[in-house]
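Here are my notes for your reading of this model. Please keep the sequence and the coordinates open beside them.

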Amino acid sequence: TSATPDSYSMTFNDDGTMRTSGFNFSQQVKTPLPEGEMIGNTEGAVAGVSGFWSTSGGKLSMCFTSGGDSEVETRVRTPKGGGFNDQRRGNELAGTGGSASYSCASEKLSTSDAMPNGDVMKHEYTRVSRPEQVPR
């Protein structure tokens, strides 16, 4: 299995609002079968989201209030030439937000989130701009 996402950005504002960029992605799954290999290819795009963020007890929490629409196409081919195509649209890929453990060091934000199957999903983000200094 291999997955290839495009670049992605998140903006966290001092007032607790946040937004993300949209992104394109592709993945391929190869399944060995006695008669050969079944190959599934998925390509899609997810629109950016906006909402709110907070931190507490070592957890970064985000609640999405808009965005996240997606368009996905999957093509599966079997060794004997069969298969199917599937297209989906909606906001099922974006989720509703959630929380993840996080750490910050220098210009990096690292998150980790336990998945239901016991794996851990990890992401690392690099600061691309400094916060604006707002006169008070």
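Does Arg77 count as buried, partly exposed or exposed, and at what relative accessibility?

1. Arg77 counts as partly exposed because its relative accessibility is 39%, where buried means under 20% relative accessible area, exposed means over 50% and partly exposed lies in between, computed with a 1.4 Å probe on protein chains only.

2. Before going further, please note that this is a predicted model, in which local features need pLDDT of at least 70 and side-chain atom pairs count only at pLDDT 80 or more, while totals for chains, interfaces and linings use all residues. Residues are numbered from 1 along each chain as its sequence is written, and side-chain values use heavy atoms, with hydrogens and water left out.

3. Arg77 has its place in strand β8, strands being DSSP runs of E with at least two residues, numbered from the N terminus. Strand β8 (residues 70-77) pairs with strand β9 (residues 83-90) in the antiparallel sense over eight bridges, and two strands are taken to pair if DSSP finds at least two bridges between them. Within this pairing, Val72 stands opposite Arg88 in β9.

4. The two strands β8 and β9 form a hairpin with five residues between them, and in the turn Gly81 has a positive phi of about 90°.

5. Leaving aside residues up to four places away in sequence, Arg77 touches Glu37, Met38, Ile39, Gly82, Gly83, Phe84 and Asn85, a contact meaning heavy atoms within 4.5 Å. Met38 is 39 residues from Arg77 along the chain, yet their C-alpha atoms are separated by 5.8 Å.

6. The side chains of Arg77 and Asn85 are joined by a polar contact of 2.9 Å; such a contact is a pair of N or O atoms within 3.5 Å, of which, within protein, one must be able to donate a hydrogen and the other to accept it, and residues adjacent in sequence count only if both atoms are side-chain atoms.

7. The structure holds two aromatic pairs, meaning rings of Phe, Tyr and Trp (its six-membered ring) whose centres lie within 6.5 Å, with planes under 30 degrees apart called stacked, over 60 edge-to-face and the rest tilted. Phe12 and Trp53 form an edge-to-face pair, at 5.3 Å centre to centre and 75° between the planes. Because Phe12 lies in strand β2 (residues 10-12) and Trp53 in strand β6 (residues 49-56), this pair ties together parts that are 41 residues apart in sequence.

8. Phe23 and Phe25 form a tilted pair, with 6.4 Å centre to centre and 55° between the planes. Phe23 is partly exposed at 26% relative accessible area, whereas Phe25, at 19% relative accessibility, counts as buried.

Notes:
Helix = DSSP H or I, 4+ residues; strand = E, 2+ residues; numbered from the N terminus.
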